[in-house]
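Open the model in a viewer and keep the sequence panel beside it. The stops below say what to select and what is there.

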Amino acid sequence: MGDKRENQRGRDVELPIYPSAIPSGEQTVWTDISPLLQHACEDLRDGELILGENFNYLAAMSALEIMDPKMDSGMVRTYYSVDEAIDYGVAPVPLSVNRTIDVRCIIDIMDHLLACEATWHKGQSLAQTVFSCIYLLRPDRTSSYPLLHSYCQVTRATCDAVVSTVSEARTNEEEDLFTMTHGLPLKVDGDDKCLTMLNVVDETVSRQLRACKATLIKKRALEDMEPLQADLDLEEGFCKAVLCRLRFRKHFYRVLTNMKRPQGRGFDLAKKHIASCLQEIDSMLKTEKFLSQNNACALIDDSKEDKTTASGCAPIGFDSTLNSRLSAPAPPRSIKILCWKKAIDYFRKLLHELDYICSNNLDPMFESVLHFVVEFQKLQPELVARAHLQHLLIQDGKLYGRDPLFAVICNAALLPTSAKGHAIQNIEPFTQLGQLLITLLRILCTNLAWQRRKLGKILQDWRIIYVQIELAFRKEFGETCSDKSDENMCAKIFKHILVWIEEQTYRIAYRFLLLGFDLELYSTSEFCMVYWYIYVILVKLAEKTYAKLMASNENVKRKGKKRDLMKNGARDHPLPPVVLFLQCQLNIVEGLTMMLAALRNEITIYQNVGPFNTEHERFMQHFELLQKACLPDHISYCSFKEATDHARISTLAMHNFFKDAQRLSKELRSCFSNDPIKMAELKSIEHVAEHNNVAMNLIGRLGTLDSSLKVYFQFNHHPYFTTAIVKRS
């Protein structure tokens, strides 16, 4: 029977009737269906597709595009198996008939493997990058070449170590192909002792290098051993090029293994090997000129910008299409290997990130942990580095593999030491709170896009755990407790932790909002609502932080005395520097909110209008997850409109929040003189406040009468708090 075509409105069009499909076999007859396709193309309009009995819209979305190299695994295939590639001489052994270029070929293989490894770290398939090397796929072919064999061994061992770390950290879901090995020979007998053989080869080449430097007896010394290549005048340069590459691989492997040691015990050694790796990278770069001047191969192309080797030669022994079918059921990706220079830059950046992790002092205070992770994320770390950070933070269900989570929570909630071993920690809500803490740390180790999305979703879990612990508190004290002192300790634990949970919930919400600036999710016309929401979150965060600190002070100074801390605390106790720091940020965001609201209310071009959605819809798009978690309570779009509709340019100077922020930031410098990060934040806030104060005064003087007045916003002093630039058009 004929098929039907159907569009979104349900229009049916009869297609010509063709004979039913003939079963596959000897009697199969091939028929040209070009007329059918041509007829369909002529009659189909935009938005319509052919609807067959066994082929629907979902199938169309999942279909492969035949003859497209990115989609069709049968396309762009030089060889169909490793054996076929070997038969055609892709990975020759010996590497060359002419012994002179043996070491040059090996160096090119080393460089290209490094570029492939960096490409894999960037999210491409292991099968189509590192294991596009036939010498890795067939280890037996390199056994007679100790130099290449040892390098392949340590490369496989390194890849195995990276896959293990990323799999355990479960960060691989960001890059779904990263840990898929597709049955490749990632573990080969003898690779666990790769450093032993590498050290032997290192010592052999080192002896040859020392012999080259002994100029008076160079010729005789080289005659006593087998040189890397035939030209004795070039021997020293090739020895140096080989040694720095071998030693980089050796030190990098040791960095990875030492960083996996529990509780950060291998960090001191890892830092030493990181320094050695960086030194060898510099040595590798110095060999580029020598290798490019003495290459004996054709360049990959006319542009040296895309070369994957220091010499510029195309390496032997590689074919990226060999393993393309191993990527099934997903279609293979089109792989572009990073150039050698970019690969070097990648590994240098990765090593600096790993060195930053090793600088962690393993402070068990939860605020210090969060602070460290947030600062680490400012480096825009790669997946491998973030996996190592997560492995450090969470081991055996403990912080750093040593600090129980309940003890960490007690410290963060400013509870006395005696509370850490209390039996109340075995109550199910507290166990769930510990798991929620682990989840939060894992989220903070993901990339920024994943982090923001998951932080928004976890907010509801933190609100729920608060309710569960509150119910457990009522249940616990609804029953008779024989021990009065134990009852007091239980009540103290519950109350402190409830306040701490609220504080952390608002910290997560604050982080969620700031990440929107990092990801450039906000347009200029939306800054007003964003800063307003940051303001209401910061108000609650300051309240909860103050309540936690005052509750702790009451335990120390006023045991047993009940007072309304929120009403009388500010009068009896000066605000702590931590709360004043939040107040400084509050002044900035409130000033920005009012200035932006005044511009929106009086100048048309700053109003949040557009053809696609209303301001209310944009509000919900940005803050839907916060609204679902009721953060804060009773806050809505109507609250935003009520708070900002009255703002006018003429009244901006009446409440100069920027001056308050500038004054407060100067006063707080002495409180945070030992904290360079907070000092930098205060200086940035001071610059933002100073420039915005000038801009606001200028806008106030000119008002809306000057039609040539233009106000621009730039993040040139602070990553999250914008600076107004006033110019005449």
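## Stop 1: two loops

Select L414, which lies in the loop that runs between α15 (405-412) and α16 (428-444). This is a predicted model. The phi of L414 is positive, about 60°, although the residue is not a glycine. Most residues other than glycine have a negative phi. Is L414 buried, exposed or partly exposed? With a relative accessible area of 28%, L414 counts as partly exposed, because that class lies between the 20% limit for buried and the 50% limit for exposed.

Next select the loop between α22 (615-628) and α23 (637-644), where P632 is found. The peptide bond between L631 and P632 is cis, with omega about -20°. Most peptide bonds are trans. H634 is found in the loop between α22 and α23, and H634 too is a non-glycine residue with a positive phi of about 60°. The relative accessible area of H634 is 79%, so this residue is exposed.

## Stop 2

## Stop 3: a helix pair

Select helix α9 (residues 235-259) and helix α12 (residues 340-358). Their axes come within 12 Å and cross at roughly 35°, and the crossing is left-handed. Show side chains for the contact: from α9, R245, F248, F252, V255 and M259 take part; from α12, the residues are W340, F347, L350, L351, L354, I357 and C358. How many residues of this contact are nonpolar, polar and charged? The division is 11 nonpolar, no polar and 1 charged.

## Stop 4: cysteines

Stay on C358, which is part of the contact of α12 with α9. C358 is buried because its relative accessibility is 7%, under the 20% limit. Now select C528, which also counts as buried, at 3% relative accessibility. A search for disulfides ends with a count of 0, where a disulfide would need a pair of cysteine sulfur atoms within 2.5 Å.

Key. Residues are numbered from 1 along each chain as its sequence is written. This is a predicted model: local features need pLDDT of at least 70, side-chain atom pairs count only at pLDDT 80 or more; totals for chains, interfaces and linings use all residues. Side-chain values use heavy atoms; hydrogens and water are left out. Axes are lines fitted to C-alpha atoms, for helices over the stretch in contact, and angles run from 0 to 180 degrees between N-to-C directions. Helices (H or I, at least four residues) and strands (E, at least two) are DSSP runs, numbered from the N terminus. A crossing is left-handed if the near helix is turned anticlockwise from the far one by less than a right angle, and right-handed if clockwise. Contact means heavy atoms within 4.5 Å. Ala, Val, Leu, Ile, Met, Phe, Trp, Tyr, Cys and Pro count as nonpolar, Asp, Glu, Lys and Arg as charged, and the others, Gly among them, as polar. Buried means under 20% relative accessible area, exposed over 50%, partly exposed in between (1.4 Å probe, protein chains only).
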